[in-house]
Amino acid sequence: MNRILENLLKNKTVIFENLKKYGFVKNENYFIYKKNICDDQMELSVLIDEKGEIETKVYDLTEGDLYTLFLVENAMGSFVGKVKQEYEDAINDIIDKCYKNEVFKSKISKQVIGYVKTKYNRQLEFLWENFSENAIWRREDNNKWFGVMLKVPKRKLGLDSDELIEIIDLRMEENLIEKIVDNQKYFRGYHMNKKHWITICLDSSVDFNEICTRIDESYNLAKKK
């Protein structure tokens, strides 16, 4: 995958049922889409396999050759710039119509997101362009946050590893925080007020049903007094 694709597809997951609607054709193990760009001088070919892996190629229709110059960093020229821009525009349109944002990918993270959606009809909000792996839930009645999901290195929680982990921050009564924080399963709120928030790692170290109970408590604590 080229660098442009890596940047455009970060935290994106393909929705296979949308591919045919968009114009992709299923051929053996691939979904294939072709489009002429740059005033029909170039052809963009997009292949997506059944695992969601994507491959793109641009062909020079006048020469019949594969065109890759637009992928070269610092490549100069108005035509190169035109190819790059139309390539990105075409890929962005496919992403907009056929992909979904999926920052949090662990099984328990998906369960938690589903629980909040089902019980409270709340969706994660990604508020910060520069922190695209941070998201919040807020109550509809008063806009108060009741949950935050993030990806952080374990070391940020005091654990001896730089591995990224998905976490959830939740409100909790101050007297309970003192009792429950053990710096193994429960931590004081990361990037939040540590007197009123706790952090749980979404790695199954805490049971899903227990997390749901904590979410309910946090939701109620965010209620307008």
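**Reading the features, one at a time**

Reply: Keep in mind that this is a predicted model. Let's start with rings. Ring pairs link Tyr-67, Phe-70, Phe-79 and Tyr-87 into a cluster.

Me: How many aromatic pairs are there in the whole structure?

Reply: A search of the whole structure finds 14. Take Tyr-22 and Phe-24: their pair is tilted, with 6.2 Å centre to centre and 45° between the planes. Both of these residues, Tyr-22 and Phe-24, are buried. Now take Tyr-67 and Phe-70. Their pair is stacked, with 6.2 Å centre to centre and 0° between the planes. Tyr-67 and Phe-70 are both buried.

Me: What sits over the ring of Phe-31?

Reply: The charged end of Lys-26, 5.4 Å from the ring centre. Tyr-219 gives a second case: the charged end of Arg-139 sits over its ring, 4.1 Å from the centre.

Me: Next, helices. What span should helix α4 have, and what does the model show?

Reply: Helix α4 covers residues 107–120, which is 14 residues. At 1.5 Å a residue, α4 should span 20 Å. The end C-alpha atoms of α4 are 20 Å apart, so the model agrees.

Me: Which residues of α4 are buried?

Reply: Ile-108, Ser-109, Val-112, Tyr-115, Val-116 and Tyr-120. Look down the axis of α4. Its buried residues fall within an arc of 120°, so they line one face of the helix.

Me: Which exposed residues does the face turned away from that buried side carry?

Reply: On α4, that face carries Lys-107 and Thr-118, both exposed.

Me: And what covers the buried residues of α4?

Reply: The cover includes strands β8 (134–138), β9 and β10, along with helix α6 (208–221).

Me: Which strands pair with β10, and in what sense?

Reply: Read the bridges. Strand β9 (residues 145–153) pairs with β10 in the antiparallel sense over 7 bridges. Within that pairing, Gly-147 stands opposite Leu-170 in β10. Strand β12 (residues 197–201) also pairs with β10 in the antiparallel sense, over 5 bridges. There, Ile-167 stands opposite Cys-201 in β12. Leu-170 has a bridge partner in β12 too: Ile-198.

Me: How many residues of β12 are buried?

Reply: 5 of the 5, so β12 is largely enclosed by the rest of the structure.

Me: How many bridges join β11 to β12?

Reply: 3, and the two strands run antiparallel. Strand β11 covers residues 186–188. Phe-187 is found in β11, and its bridge partner in β12 is Thr-199.

Me: Is Phe-187 buried or exposed?

Reply: Check its relative accessible area. Buried means under 20%. Phe-187 has 2%, so it is buried.

Me: What is Phe-187 in contact with?

Reply: Set aside its neighbours within four places in sequence. Phe-187 is then in contact with Leu-157, Leu-159, Val-181, Ile-198, Thr-199 and Cys-201.

Me: Where is Asn-183 placed, and what is its phi?

Reply: Asn-183 lies in the loop between α5 (174–180) and β11. Its phi is positive, about 60°, although Asn-183 is not a glycine. Its relative accessible area is 47%, so Asn-183 counts as partly exposed.

Terms used:
Residues numbered from 1 in each chain as written. Predicted model: local features only at pLDDT ≥ 70, side-chain atom pairs only at ≥ 80, totals over all residues. Heavy atoms only, no water. Phe/Tyr/Trp six-rings, centres within 6.5 Å; stacked < 30°, edge-to-face > 60°. Buried < 20%, exposed > 50% of the residue type's maximum accessible area, 1.4 Å probe, protein only. Lys NZ or Arg CZ within 6 Å of the ring centre and 35° of its normal. Pairing = 2+ DSSP bridges. Helix = DSSP H or I, 4+ residues; strand = E, 2+ residues; numbered from the N terminus. Expected span 1.5 Å × (residues − 1). Arc of directions from axis to C-beta. Contact = heavy atoms within 4.5 Å.
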